[in-house]
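This briefing walks through the two chains, the contact between them and a handful of individual residues. Please keep the sequence and the structure open while reading.

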Amino acid sequence: MSGHLHKDYTGAKFGMWLFLFTEVLLFGGLFILYAVYLARYPKEFVSAGKELNVWFGGGNTLVLLTSSLFVAMSITALRRGATALCLGLLGGTVGCAALFMVNKFFEWSAKIGHGIYPGSAHLKEMAPGEMVFFNIYYLTTGLHGIHVVIGAIVLTWTMVFIRTGRVHAGDWVILENAGLYWHLVDLIWIFIFPLYYLILH
Amino acid sequence: MTEVHAHIVPYRTFILVWVALLILTGATVTVAQYHFGALNIWIALGIATLKSSLVIAVFMHLKDEQPLFKLALLSALAILAIFIGLTFFDVLYR
């Protein structure tokens, strides 16, 4: 029996795109919640939105955009045979993910320290529209944060595959798919940032 | 059987797109300082859409993919638009 394994590069990539579409619908649903409640409680969304810090939001936007640059470049590096550069760039991507989560830690710690978190007594005392804002803020950015962590794990796993030679210039779809997932994480934040941090000030 | 693969995207292309994304981020923060009323959200969404288009086309390589991929993405976005639209047909008239 021939040892040659037939691999379907296009099929593998398309499969990842299909999965990404399900993620778009998932986060799309959360953005719909935002839109519906913004329409119902415009004033409360503005007053609650002022509590969010544009520096945390903007800083994390820059971090994620840079992380996407790194992972995109890593594919070029791998395909050109620059494996060490590829691993360095992927390390940079994971480093950005860590930086994102550190920022988020400080941001959320400050909020939680002020009693602003789902189920808190302070939240119950707020106007309904304000409570809704913070609940969907935590839900959306929390779910996004989980995706950042998952993405970082997937990318680290991919780095291991590259080190062991399972992913290489002749067969790199695993890296490409990991990159696609990471870009989706970036895309979601591209919409979270203006909607939660900018337009409500 | 090996497939013919798309050309390798130069580092420079990615870096140029990243710079464009940074500029657009600055633009969206700057515009948000001004008060155009209800227009603010549409401008913000417009810039976000532009940024996403760059990420999808270049970083995610969709520009160089087969038409099937582009059609699939358009279909998914159309479904999301219908989802949003029908929700608002309900919610706006309660």
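Predicted model: local features only at pLDDT ≥ 70, side-chain atom pairs only at ≥ 80, totals over all residues.

Just after H3(A), Gly81(A) takes a positive phi of about 85 degrees. The points below are grouped by topic, beginning with the two chains and ending with individual residues.

**Chain A**

- The C-alpha trace of chain A spans about 70 × 30 × 25 Å along its principal axes, and buried residues make up 37% of the 201 residues in the chain.
- When contacts in chain A between residues at least 6 apart in sequence are considered, 79% of them join residues at least 24 apart.

**Chain B**

- Chain B has three helices and zero strands, in the order α-α-α from the N terminus on.
- The radius of gyration of chain B is 18 Å, well over the 12 Å that the globule rule gives for 94 residues, so chain B is more spread out than a compact globule.
- Along its principal axes, the C-alpha trace of chain B spans about 60 × 35 × 10 Å, and buried residues make up 16% of its 94 residues.
- Chain B is divided into domain 1, covering residues 9–60, and domain 2, covering residues 64–94; the centres of these two domains, taken over C-alpha atoms, are separated by 21 Å.

**Contact between the chains**

- The contact takes 34 residues from chain A and 32 residues from chain B.
- On the side of chain B that touches chain A, helix H1 (11–32), helix H2 (39–59) and helix H3 (67–91) of chain B each supply at least two residues, and H1(B) gives the most, with 10 residues.
- By residue class, this side of chain B divides into 25 nonpolar, five polar and two charged residues.

**The largest nonpolar core**

- The largest nonpolar core has 68 residues, and those with the most contacts inside it are Leu155(A) and Phe14(B).
- The elements that give two or more residues to this core are, from chain A, helix H1 (9–40), helix H2 (42–49), helix H3 (54–79), helix H4 (83–113), helix H6 (128–164) and helix H7 (173–198), together with H1 and H2 of chain B.
- H7(A) provides the largest share of this core, with 17 residues.
- As general background, nonpolar side chains tend to be buried together in soluble globular proteins.
- With its neighbours within four places in sequence left aside, Leu155(A) is in contact with Val71(A), Leu90(A), Thr93(A), Val94(A), Ala178(A) and Trp182(A).

- Gly179(A) is found in helix H7 of chain A and counts as buried because 28 other C-beta atoms lie within 10 Å, where the cut-off is 20 or more.
- Leaving aside its neighbours within four places in sequence, Gly179(A) is in contact with Val71(A), Ala72(A) and Ile75(A); Val71(A) is also among the residues in contact with Leu155(A).
- Gly179(A) and Ile153(A) are 26 residues apart in sequence, and their C-alpha atoms are 12 Å apart in space.
- Ala84(A), found in helix H4 of chain A, counts as exposed because 8 other C-beta atoms lie within 10 Å, where the cut-off is 12 or fewer.
- The C-alpha atoms of Ala84(A) and Ile162(A), which are 78 residues apart along the chain, are separated by 9.7 Å.

**A positive phi in chain B**

- His61(B) lies in the loop between H2 and H3 of chain B, and this residue has a positive phi of about 70 degrees although it is not a glycine.
- For background, most residues other than glycine have a negative phi.
- His61(B) is partly exposed, because 19 other C-beta atoms lie within 10 Å, and a residue counts as buried from 20 or more.

Definitions and conventions: Residues numbered from 1 in each chain as written. Chains lettered and ligands numbered in written order. Contact = placed C-beta atoms within 7 Å. Helix = DSSP H or I, 4+ residues; strand = E, 2+ residues; numbered from the N terminus. Nonpolar A, V, L, I, M, F, W, Y, C, P; charged D, E, K, R; others polar. Domains from an automatic or database assignment. Core = buried A, V, L, I, M, F, W, Y, C linked by C-beta atoms within 7 Å. Rg over C-alpha atoms; globule rule 2.2 N^0.38 Å.
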